[in-house]
Amino acid sequence: MANHSQLGFQDASSPIMEELVEFHDHALIVALAICSLVLYLLAHMLMEKLSSNAVDAQEVELIWTILPAIVLVLLALPSLQILYMMDEIDEPDLTLKAIGHQWYWSYEYTDFKDLSFDSYMIPTTDLPNGHFRLLEVDHRVVVPMESPIRVIITAGDVLHSWAVPTLGVKTDAIPGRLNQTSFITTRPGIFYGQCSEICGANHSYMPIVVESTPLPYFEAWSSLLSSS
């Protein structure tokens with residue numbers, strides 16, 4: 001959950017998000033080193049008079065050609081690895097279908113019979129004490145922790161986007177098309193997200209709440225919901 005005046009990312013709750021945060025820090029250090037070098041060279045050029053030999057040196061041209069290529073490789077390799085990890089979905093333990101509507105989400109647990117529900121935002125007037133305004137819903141998405149979860153995402157009317165920052169998930173919901181993503185929660189907790197596509201007047205009023213629980217609690221919840 002994000003806090004006021006927070007400068008960094010939310011605490012990662014999935015391996016993919018941990019990799020994304022590490023790559024962000026890696027890219028930030030590289031950018032900081034480049035900015036420091038450029039600032040030093042600018043200050044040096046303003047304070048010192050460079051000779052023509054230094055300006056026309058073949059060694060300098062060689063360095064400023066090869067060095068950016070090395071930097072790009074250092075950024076590209078971990079980026080490609082993370083992209084591959086985000087796209088890889090191998091034998092998920094649970095498949096969840098999320099359908100975006102104006103302006104709520106519908107969920108179907110395809111591995112269970114008759115386990116589906118709609119998830120609406122709780123109005124501020126009906127919000128219990130201690131819950132987050134504009135983020136809490138009447139039916140949360142409950143998933144077992146430490147289990148690969150595949151999410152199939154689509155929309156019933158206009159473009160939506162299923163995004164949960166702390167899980168490192170953001171996938172567009174397109175009418176007539178099925179997109180998929182996956183995640184693994186590494187700890188129990190409640191993770192909040194929102195539709196990140198401008199889908200209409202009430203775009204900001206269709207939150208996403210994922211609740212990660214141990215497997216016995218998930219089995220009890222799914223049995224109770226299926227029987228009702």
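**Group meeting talk: strands, a charge network and surface patches**

Let's start with a hairpin. Strands β6 (residues 160–164) and β7 (residues 169–173) run antiparallel and are joined by 5 bridges. This is a predicted model, where local features need pLDDT of at least 70 and side-chain atom pairs count only at pLDDT 80 or more, while totals for chains, interfaces and linings use all residues. Residues are numbered from 1 along each chain as its sequence is written, and side-chain values use heavy atoms, with hydrogens and water left out.

Two terms first. Helices (H or I, at least four residues) and strands (E, at least two) are DSSP runs, numbered from the N terminus. Two strands pair if DSSP finds at least two bridges between them.

Back to the hairpin. Ala-163 has Lys-170 in β7 as its bridge partner. Between the two strands sit 4 residues, and Gly-168 in this hairpin takes a positive phi near 70°.

Which residues of β7 are on the covered face, and which on the uncovered one? Val-169, Thr-171 and Ala-173 make up the covered face. Lys-170 and Asp-172 make up the uncovered face. In a regular strand, side chains alternate between the two faces of the sheet.

Next, strand β10. Here I need the burial terms: buried is under 20% relative accessible area, exposed is over 50%, and partly exposed is in between (1.4 Å probe, protein chains only). How many of the 7 residues of β10 are buried? The count is 6, so β10 (residues 207–213) is mostly covered.

What does β10 pair with? Take β4 (141–144). β4 and β10 pair in the parallel sense, over 4 bridges. Within that pairing, Val-143 has Ser-212 in β10 as its bridge partner. Now take β9 (residues 189–195). β9 and β10 pair in the antiparallel sense, over 6 bridges. Gln-194 stands opposite Pro-207 in β10.

A salt bridge is a side-chain nitrogen of Lys or Arg within 4 Å of a carboxyl oxygen of Asp or Glu. Side chains of opposite charge can pair when their charged atoms come close. How many salt bridges does a search of the whole structure find? It finds 2.

One is between Glu-136 and Arg-140, at 3.0 Å, N to O. Glu-136 is buried, because its relative accessible area is 2%. The other is between Glu-211 and Arg-140, at 3.5 Å, N to O. Glu-211 lies in strand β10 and Arg-140 in the loop between β3 and β4, so this pair ties together parts that are 71 residues apart in sequence. Glu-211 is partly exposed, because its relative accessible area is 23%. Salt bridges that share partners join Glu-136, Arg-140 and Glu-211 into one network.

Now the surface. Patches are made of residues with over 30% relative accessible area and no salt bridge; like charges are joined within 9 Å, and nonpolar side chains (Val, Leu, Ile, Met, Phe, Trp, Tyr) within 5 Å. Accessible areas come from the Shrake-Rupley method with a 1.4 Å probe; for residues, only the protein chains shown count as cover.

The nonpolar patch is about 500 Å². Its members are Leu-37, Tyr-40, Leu-41, Ile-63 and Leu-67. α1 gives the most, with 3 residues. Ile-63 is in helix α3. Ile-63 is exposed, because its relative accessible area is 52%.

There is a negative patch too. Asp-87, Glu-88, Asp-90, Glu-91 and Asp-93 form this patch. Lys and Arg count as positive and Asp and Glu as negative; His and the chain ends are not counted. The place of a charge is NZ of Lys, CZ of Arg, CG of Asp or CD of Glu. Where is Glu-91? Glu-91 is in the loop between α3 (58–87) and β1 (94–101). At 68% relative accessibility, Glu-91 counts as exposed.

Last, some backbone details. A cis peptide bond joins Gln-102 and Trp-103, with omega about -5°. Trp-103 is in the loop between β1 and β2 (104–109).

Two residues other than glycine have positive phi values. Asp-114 has phi near 55°. Asp-114 is in the loop between β2 and β3 (116–119), and counts as exposed at 62% relative accessibility. Leu-134 has phi near 70°. Leu-134 lies in the loop between β3 and β4, and counts as partly exposed at 22%.
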